[in-house]
Amino acid sequence: MSYVLKTNQLSKVFKGKEVLSDVNMKIKKGEIYGLLGPNGAGKTTLMKMFITLMKPTNGVIEIFGKELNHSSYEVLKRMGCLIEYPIFYEHLSARENLEIHCEYMGYYDKQSIDEALDLVNLSNLTDKPVKEFSLGMKQRLGIARAVVAKPEFIILDEPINSLDPKGIKELRDVFKRLSEENGTTLLISSHILGEIEKILDTVGIIKEGKLIEEISMEDLRSKSTMYLELKLSDCKQAAYLLDHKLGIQNYKIIEDQLLRIYDEDFSQSLVTKTLLSNGIEIEAMNKKFLSLEDYFLTVTEGGIINA
Ligand SMILES: Nc1ncnc2c1ncn2[C@@H]1O[C@H](COP(=O)(O)OP(=O)(O)OP(=O)(O)O)[C@@H](O)[C@H]1O
């Protein structure tokens, strides 16, 4: 297996507090890797270490098969990134900002500036000074800057944060195209799980500085992630019956009339019979897959059982 990035027992300590501990992470060539974690989990710190903005306290980072250090300029030239809030020369236009970046990176294909602006849908705003851009436009320009020098590996920290649903969809398509057409490897951190789930190949879940799960979306989907969703006239009474009459404890009331059963081993017909015979109306009953969002909650918050 060819990996673009590998870490070994990576840790970071700030003022005596360990914010990342023993992170062993692997990103395969050409894949889209989603790094998910609650606020303060350590995502940005990890990404900053990957581009040498921060030094690990312990452990090793390998990128393109080479150990990263503070003179890894050749490795950094093959990478693009957008970390935290993108900073630009505000009085200059989008095009001028990208020209400066290309010069800095030693990349002189001017056509790729137009392509990058086009990719993020900013072609009609190329000459406007960046200070007149909205937050979402700046975010798009930040992504254009990350891709303009045709990097092999792109690191994007919360890239769809300030975008509207249409913008999120457009950028999701951009990421997919970069991966499928150019074979680019992408590492993307995000909180908007539902929106990003569709394009990920692998997901890494980080909690309190520990990578607690790293799993391919394929394996995740094939895991036992089915549940039964019931639309009922009275969820509270149904919950009582599940608990006390049927011994089913792994369920959750989602809304007033929506209840999900996550248990794997129970008789659906017995549930139906019990609910109906106790005067509970069943308006709908569907088997569904656990979303990445639900899965994320199970591993970061210790379960969805009766939550
Ligand atoms: N320069 C710093 N000095 C001291 N502590 C820091 C520094 N940078 C980050 N931290 C701490 O490290 C921990 C991880 O922060 P980090 O920004 O990496 O988390 P995150 O997962 O990116 O969070 P968010 O989703 O909120 O952006 C937090 O407890 C944070 O307070």
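# Exercises on helix packing and sheets

The axes of helix α3 (residues 94–105) and helix α5 (residues 135–147) cross at roughly 30° and come within 10 Å of each other. The structure is a predicted model.

**Exercise 1.** Classify the orientation of α3 relative to α5, and describe their contact.

*Solution.* Step 1: take the crossing angle, which is roughly 30°. Step 2: angles under 35 degrees count as roughly parallel. Therefore α3 is roughly parallel to α5. Step 4: list the residues that touch. From α3 these are A94, N97, L98 and H101, and they meet L141, A144 and R145 of α5. Step 5: sort the contact of α3 with α5 by class, which gives 4 nonpolar, 2 polar and 1 charged residues.

**Exercise 2.** Work out how α3 and α4 are oriented to each other, and which residues meet.

*Solution.* Step 1: helix α4 (residues 111–119) packs against α3 at an angle of about 130°, and the two axes are 10 Å apart. Step 3: their crossing is right-handed. Step 4: A94, R95, L98, E99 and C102 of α3 meet I113, A116 and L117 of α4. Step 5: by class, the contact of α3 with α4 holds 6 nonpolar, no polar and 2 charged residues.

**Exercise 3.** Find the edge strands of the sheet of 6 strands, and explain why one side of each has no neighbour.

*Solution.* Step 1: write down the strand order of this open sheet, which is β7-β8-β9-β4-β10-β11, with mixed pairing. Step 2: β7 (79–82) and β11 (210–216) stand at the edges; each has a single partner strand, so one side of each is left without a neighbour in the sheet. Step 4: look at β11 and its partner. Strand β10 (residues 202–207) pairs with β11 in the antiparallel sense over 6 bridges. Within this pair, G204 stands opposite E214 in β11.

**Exercise 4.** Name the strands of this sheet that helices α1 and α6 lie across.

*Solution.* Step 1: helix α1 (residues 43–50) lies across β4 (32–36), β8 (153–157), β9 (185–189) and β10. The direction of α1 is at about 150° to β8. Step 2: helix α6 (residues 165–182) lies across β4 and β9, and runs at about 155° to β9.

**Exercise 5.** Describe the sheet of 4 strands and the helix that lies across β12, β13 and β14.

*Solution.* Step 1: this open sheet has the order β13-β14-β12-β15, with antiparallel pairing. Step 2: β13 (251–255) and β15 (282–289) are its edge strands, each pairing on one side only. Step 3: the twist averages 25° from one strand to the next. Step 4: strand β12 (residues 226–232) runs antiparallel to β15, and 7 bridges join them. L228 stands opposite K287 in β15. Step 5: helix α9 (residues 235–244) lies across β12, β13 and β14 (258–261), and its direction is at about 180° to β13.

**Exercise 6.** Characterise the hairpin formed by β1 and β2.

*Solution.* Step 1: strand β1 (residues 3–14) and strand β2 (residues 17–23) run antiparallel and are joined by 4 bridges. Step 2: the bridge partner of L10 is V23 in β2. Step 3: 2 residues lie between the strands of the hairpin, and K15 in the turn has a positive phi of about 45°.

**Exercise 7.** State how the chain is divided into domains, and how far apart the domain centres lie.

*Solution.* Step 1: the chain is divided into domain 1 (3–217) and domain 2 (226–289). Step 2: taken over C-alpha atoms, the centres of domain 1 and domain 2 are separated by 43 Å.

Conventions:
Residues numbered from 1 in each chain as written. Predicted model: local features only at pLDDT ≥ 70, side-chain atom pairs only at ≥ 80, totals over all residues. Pairing = 2+ DSSP bridges. Contact = placed C-beta atoms within 7 Å. Axes fitted to C-alpha atoms, helices over the stretch in contact; angles between N-to-C directions. Domains from an automatic or database assignment. Parallel < 35°, antiparallel > 145°, perpendicular 65-115°, else oblique. Nonpolar A, V, L, I, M, F, W, Y, C, P; charged D, E, K, R; others polar. Left-handed = near helix turned anticlockwise from the far one by under 90°.
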